[in-house]
Amino acid sequence: MIGGRSATLQQLTRWLKLNPIKTQSLMAQLAEKRSVIIALLLTIQYIVFSVSASHFLDQGNLTSILYSSINLAVIALGMAFVLTMGSIDVSVGSVQGVAAIAVGRAVQFGWSPITAVLAGPAVGALFGATIGSFVSRIKLPAIIVTLAMLYIGRAIIFFAVGGEWISGLPDTLSFLKETYLFNVIPLPLILLVAIYLGGWYIMRMHPFGRHIHAVGSGGSTARLAGISVHRVQILTHTLTGLLVGLAATWYVALYQNVEINIGITIFLDAIVATVLGGTSVLGGKSNIIGTLLSVFFIATLRNGLVLISVPSLWVDVILGVLLISVLVTEFYQYKLRVRSQYT
Amino acid sequence: MSAQTFAHYFNKYRHAYLLIIIGIIIVISSQISSYFIEWNTVGNVLRFATVIGLLGFGVTLVFLAGGGGIDLSVGSMMSLSAVTIGFIMQGEVNPWIAAASGIVAGVTMGAINGFLITYIRIPPLITTLSTLYAYGGLAVALTNGRPLTGFPAEFGVIGLTDVYGIPLQFIIFLIPAFIILQWMLSHTRFGRHIYAVGDDETTARLLGISVERVRWILYTISGMLAGCSAVIMNSWLLTARPDVGEFRELIAITVAVLGGTSIFGGIGTIYGTILATIAVATLQFGMQLANVNSIWQHGIIGILLIVTVSLNVIGRR
């Protein structure tokens with residue numbers, strides 16, 4: 001069957017988990033892999049931007065793309081967790097803001113770096129646990145709880161900083177961005193890879209990831225299989241909050257200030273990254289590598305569009321339309337597939 | 001009295017509780033500001049209530065039809081309609097034609113939402129969340145974030161005229177919308193279909209009701225009401241602000257659930273929503289008089305939302 005193909009191709013086939021026996025050609029199967037599509041999009045994007053914007057490939061610019069990707073990537077991973085569980089969190093921006101204020105104050109008061117680093121995740125996890133409790137115990141839809149939390153969080157931010165910025169922070173946390181391993185690999189990149197490996201491990205290898213998928217698939221199957229749905233809901237929302245708090249720590253380390261409308265656009269970016277990355281909005285299906293690739297895609301898009309002088313106001317429209325198009329394609333394909341099963 | 005019992009009574013005697021809440025808000029506001037107990041207050045509260053109520057009606061209808069229905073894009077539809085009116089007005093056409101085209105824009109946007117939800121079958125939550133950004137972003141991007149001016153003074157007649165102290169917008173928009181929609185819900189076949197679809201989708205389908213058609217029409221009505229709100233706001237401010245609809249989805253959803261609409265569909269009335277509208281409008285005007293920052297106002301309404309939804313869900317167990 002596969003005798004005609006070279007050994008390398010066979011190896012590649014196995015590695016990408018394609019099915020050599022299927023009647024579809026290997027190329028067609030490859031084109032259905034979400035990560036492959038996004039990697040291709042990312043490559044095209046880099047070629048287009050490096051041709052059309054002269055300073056795109058400068059080292060400073062690429063570093064700034066990397067830094068903003070890290071912020072988005074950590075939040076998008078959290079979003080992937082909640083979406084896979086069939087839930088949603090629209091309050092990530094506000095939670096990041098509150099957590100960033102906690103980190104900023106900790107730095108301002110001259111607390112030790114460890115305390116400052118942990119302040120963000122602690123506050124984020126607290127918010128996540130609150131949201132999770134409302135969702136699991138009172139059984140409110142996550143959208144209502146997090147929509148309310150979005151505005152409550154904004155009020156807390158306003159209360160905590162009183163309309164001014166927290167700025168001119170001492171460089172307690174600067175070691176996070178200034179350390180280089182072997183003088184070449186930036187520490188944040190390693191942290192990012194570590195966090196995503198952790199996320200991938202939880203989702204693919206650890207039983208908890210299976211539980212998240214089971215709860216997200218809906219119905220009573222998860223409960224009948226003996227999974228505590230309450231526990232999974234609370235823990236997943238807490239985990240998301242924790243990741244958002246971690247992003248807040250990174251934000252403070254990077255910019256050394258906290259402004260009043262921090263995180264106001266991060267939700268859109270995070271949800272586009274997760275959905276484009278192949279995580280289902282219906283729950284039960286996740287794609288961690290796809291999410292990471294889409295994060296780079298979106299961070300590069302935001303950066304590149306500004307460089308080729310597209311007004312930044314248009315980026316929200318482009319991302320909104322991109323989100324709708326991805327969803328329309330997915331659901332239309334799904335509809336056709338369901339129909340062809342019955343006819 | 002346990003929380004469960006209280007929640008139960010809150011649901012059972014909702015309208016009495018709403019009247020009590022309005023009373024409490026009036027008492028507190030009059031203590032905080034000496035300007036609250038005046039004849040003007042009625043007009044001002046009703047002026048706030050008109051836009052809140054129209055958007056709240058749309059969200060109420062969408063919630064009623066169930067199936068996870070929610071409309072988060074009401075505010076953005078309102079912004080883009082407002083901007084549409086503003087742009088058409090720049091062409092020096094008759095202002096009433098421009099206003100009508102704003103409503104048409106709202107209908108179109110609502111119909112797009114409904115199409116994506118019922119025929120492509122994207123979940124309502126994620127659809128309206130995407131269009132929240134798409135419509136709202138478009139409104140801001142097309143105008144570069146600057147308000148459009150150039151409205152003739154006679155356009156202000158809707159938003160700025162009072163009839164015996166009652167704002168004209170309340171008389172010609174909210175009261176007719178209230179009467180028509182409540183009549184539709186309780187006296188027409190379509191209204192019964194809405195409750196049937198929201199209560200049990202499968203049964204409604206077996207009865208021969210086109211669930212998709214019912215829901216699509218409701219999303220379109222929500223868009224139309226957002227378009228009407230845009231006309232009112234443009235007439236009131238005599239400018240077309242691209243951010244006029246920001247944060248309105250929060251208030252619209254709060255009003256709908258405070259009025260007793262179930263977020264899971266099948267339960268709710270328009271007169272519940274209008275009572276809740278008066279309550280929230282009074283609260284907002286009171287906070288405005290007390291000089292409460294708008295960020296605080298939204299935070300307070302957020303808390304109100306989460307408390308009300310919890311009471312609704314617990315009381316109906």
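Across the interface of chain A and chain B the rule finds 0 salt bridges, a salt bridge being a side-chain nitrogen of Lys or Arg within 4 Å of a carboxyl oxygen of Asp or Glu. This is a predicted model, in which local features need pLDDT of at least 70 and side-chain atom pairs count only at pLDDT 80 or more, while totals for chains, interfaces and linings use all residues. Residues are numbered from 1 along each chain as its sequence is written, chains are lettered from A in the order in which they are written, and side-chain values use heavy atoms, with hydrogens and water left out.

**The interface**

In this interface, 36 residues of chain A are in contact (heavy atoms within 4.5 Å) with 43 residues of chain B. The area buried between the two chains is about 3400 Å², and carbon and sulfur atoms give 84% of that area. Buried area is the accessible area (1.4 Å probe) that two parts lose on being put together, summed over both. Four helices of chain A, α6 (113-138), α7 (142-161), α13 (266-276) and α15 (313-342), each supply at least two residues of the side that touches chain B. Helices here are DSSP runs (H or I, at least four residues), numbered from the N terminus. The largest share of that side, 12 residues, comes from α15(A).

**Two buried loop residues**

Asp71(B) lies in the loop between α3 (39-64) and α4 (74-90) of chain B. Asp71(B) counts as buried because its relative accessibility is 0%, where buried means under 20% relative accessible area (1.4 Å probe, protein chains only). Residues that Asp71(B) touches beyond four places in sequence include Val59(B), Asn113(B), Tyr219(B) and Ser222(B). From Asp71(B) to Val59(B) the sequence separation is 12 residues and the C-alpha to C-alpha distance 5.9 Å.

In chain A, Ser286(A) sits in the loop between α13 and α14 (288-307). Ser286(A) is buried too, with a relative accessible area of 9%. Among its contacts beyond four places in sequence are Thr84(A), Met203(A) and His213(A).

The table gives side-chain polar contacts of these two residues. A polar contact is a pair of N or O atoms within 3.5 Å; within protein, one must be able to donate a hydrogen and the other to accept it, and residues adjacent in sequence count only if both atoms are side-chain atoms.

| Residue | Partner | Distance |
|---|---|---|
| Asp71(B) | Ser73(B) | 2.9 Å |
| Asp71(B) | Ser222(B) | 2.8 Å |
| Ser286(A) | His213(A) | 2.9 Å |

Key. Buried < 20%, exposed > 50% of the residue type's maximum accessible area, 1.4 Å probe, protein only.
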